[in-house]
Amino acid sequence: MLELQVPPSIMSGQPITLNCTFDLEGDTLYSIKWYKNNVEFYRYILSDRPPGQKYSLQGIYLDNKFPHGPSINMYKTDLASEGTYRCEVSSEAPFFDTVRDEKELRVYGITTPSAGNPPIQRSSGVVRIGGEGVPLQVSSSDRRSVLRDPSQNSSCVASKGTKAQREKAQNSSRVASKGTKAQREKAQNSSRVASKGTKAQRKKAQNSSRVASKGTKAQRKLAQNSSRVSSKETLIKLNKTKWLHAKLLLGRKTCALL
């Protein structure tokens with residue numbers, strides 16, 4: 001895209017021409033599409049018959065006598081014509097390369113004079129009230145509010161209120177989502193702590209079981225050792241009895257010989 005020509009500001013009712021100058025660098029043109037506030041209102045496809053097709057959109061007044069395509073001619077404008085205009089140019093297959101550019105158009109109006117209220121006009125940066133030039137240092141949005149029709153101002157205020165309500169609802173939804181996320185994280189952390197506690201309890205029970213098992217093993221070993229000692233004492237007593245018996249027999253035999 002080389003250049004998109006859109007006047008930055010116009011008076012309501014004034015005709016305008018939007019021009020889109022482009023360079024496809026040797027590729028074949030496939031289509032040219034025009035948008036206002038991201039809504040398509042005209043397309044030009046070279047292979048179609050007829051190549052141009054327009055779509056109804058508030059604030060768009062195309063001149064049917066004008067051959068639209070790279071240029072768009074509007075025979076009149078109003079406050080609804082204000083917005084961001086975009087031109088998209090695409091090359092033919094197989095690549096369908098697309099280039100685009102967009103610019104904003106502002107439309108100013110003149111309020112209808114009423115009893116006791118002089119008309120308000122704008123010309124070359126000067127706001128004229130009742131025919132006298134009074135330069136004002138105001139922002140673009142403030143100037144536009146002053147120059148619009150009062151009913152349009154009410155619509156703008158309602159639109160801003162609706163937008164603020166939507167933003168407030170979105171912020172509330174985000175806060176609730178964060179709260180829910182924090183609650184989920186808290187529940188997960190509690191579950192992890194409980195899992196760690198259960199694991200520690202299982203480990204403690206296992207250690208207690210091992211200690212009890214070791215104590216039982218030591219008791220069994222002590223009982224075995226006591227049994228062995230008792231068995232040895234019994235054997236010693238038995239051997240001692242045999243020895244006394246043998247000694248007694250030997251003494252009897254000796255007396256018999258004498």
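Let me start with a term: partly exposed means a relative accessible area between the buried range, under 20%, and the exposed range, over 50%. Tyr75 has a relative accessible area of 46%, so Tyr75 counts as partly exposed. Keep that residue in mind, please. Everything I show today comes from a predicted model.

Now, the aromatic rings. How many aromatic pairs does a search of the whole structure find? It finds two.

Let's take Phe41 and Tyr85. Their ring centres are 6.2 Å apart and the planes meet at 85°, so this pair is edge-to-face. Phe41 belongs to strand S5, residues 39–45, while Tyr85 belongs to strand S8, residues 83–91, so the pair ties together parts that are 44 residues apart in sequence.

On to Tyr61 and Tyr75. Here the centres lie 6.1 Å apart with the planes at 70°, so we have an edge-to-face pair again. This pair links distant parts of the chain, 14 residues apart. Tyr61 sits in the loop between strand S6 (52–54) and strand S7 (71–74), and Tyr75 sits in the loop between S7 and S8.

Finally, friends, some charges over rings. Which residue has its charged end over the ring of Tyr61? That is Lys76, at 4.6 Å from the ring centre. So Tyr61 takes part in an edge-to-face pair with Tyr75 and also has the charged end of Lys76 over its ring. Elsewhere on my list, Arg86 lies over the face of Tyr35, 4.3 Å from the ring centre.

Key
Residues are numbered from 1 along each chain as its sequence is written. This is a predicted model: local features need pLDDT of at least 70, side-chain atom pairs count only at pLDDT 80 or more; totals for chains, interfaces and linings use all residues. Side-chain values use heavy atoms; hydrogens and water are left out. Rings of Phe, Tyr and Trp (its six-membered ring) pair if their centres lie within 6.5 Å; planes under 30 degrees apart count as stacked, over 60 as edge-to-face and the rest as tilted. Helices (H or I, at least four residues) and strands (E, at least two) are DSSP runs, numbered from the N terminus. Buried means under 20% relative accessible area, exposed over 50%, partly exposed in between (1.4 Å probe, protein chains only). A charge sits over a ring if NZ of Lys or CZ of Arg is within 6 Å of the ring centre and within 35 degrees of the ring normal.
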